[in-house]
Amino acid sequence: MFEQNIKPPDVARQLRVSPKSAYQWHQLWRDGGVQALASRGPSGSRCRLSPRCLEKLAAYLDGGPAAHGWVEDQVWTAARVATLIGRKFHVSYSVSGATRLMHRLGFSPQVPARRVAERDEQAVTAWKEATWAEVKEPGRPRVDTSACRASDFLAQGFVEP
């Protein structure tokens with residue numbers, strides 16, 4: 001686009017990027033040509049775990065937290081994953097790094113259902129039907145309603161003007 005004398009603001013608009021990015025690209029293009037605009041690959045540090053270790057980590061995560069000492073609940077937190085990586089692979093990961101690694105492996109954050117393990121569904125249903133009906137506060141009485149204009153009421157004599 002720069003070779004066609006298209007201005008950076010127009011490039012930004014057409015590519016849906018910020019004008020600042022387009023001006024930076026224009027400067028790179030002027031200084032180094034099209035080769036200067038080539039991607040240098042993903043930024044950031046490289047993964048510190050080998051592909052084989054990543055496969056093992058995925059298998060560990062599939063095994064659940066209880067298999068690795070967290071028996072109080074069945075939730076993988078990023079902090080637990082970072083600890084697991086340290087224990088199994090002797091590599092230090094931050095909590096945010098563990099989160100990104102989990103996403104890369106296809107794991108997404110989950111919110112556990114807040115249910116007691118000993119929950120008795122039949123007892124809950126019986127309580128809702130018997131006790132709850134007695135203790136809940138009465139709401140507004142149910143009446144048939146309709147929507148119409150106030151002028152309709154006036155025309156029919158329901159409301160005095």
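Axes are lines fitted to C-alpha atoms, for helices over the stretch in contact, and angles run from 0 to 180 degrees between N-to-C directions. This is a predicted model, in which local features need pLDDT of at least 70, side-chain atom pairs count only at pLDDT 80 or more, and totals for chains, interfaces and linings use all residues. Residues are numbered from 1 along each chain as its sequence is written, and side-chain values use heavy atoms, with hydrogens and water left out.

Q: Why is helix 4 called roughly perpendicular to helix 5?
A: The axes of helix 4 and helix 5 (residues 95-104) cross at roughly 90 degrees and come within 8 Å. Angles of 65 to 115 degrees count as roughly perpendicular, those under 35 as roughly parallel, those over 145 as roughly antiparallel and the rest as oblique. Helix 4 is therefore roughly perpendicular to helix 5.

Q: Why is helix 3 called oblique to helix 4?
A: Helix 3 (residues 51-63) and helix 4 (residues 78-89) have axes that cross at roughly 125 degrees and come within 11 Å. That angle makes helix 3 oblique to helix 4.

Q: Which residues of helix 3 and helix 4 meet?
A: From helix 3 come Cys53, Lys56, Leu57, Tyr60 and Leu61, and from helix 4 Val81, Leu84, Ile85, Lys88 and Phe89. The residues of this contact divide into eight nonpolar, no polar and two charged.

Q: What makes helix 1 and helix 2 oblique to each other?
A: Helix 1 (residues 8-15) and helix 2 (residues 19-32) pack at an angle of about 120 degrees, with their axes 8 Å apart. Helix 1 and helix 2 are therefore oblique to each other. Their contact is made by Pro8, Pro9, Val11, Ala12 and Leu15 of helix 1 and Pro19, Ala22, Tyr23, Trp25 and His26 of helix 2. By class, nine of these residues are nonpolar, one is polar and none is charged.

Conventions
Helix = DSSP H or I, 4+ residues; strand = E, 2+ residues; numbered from the N terminus. Contact = heavy atoms within 4.5 Å. Nonpolar A, V, L, I, M, F, W, Y, C, P; charged D, E, K, R; others polar.
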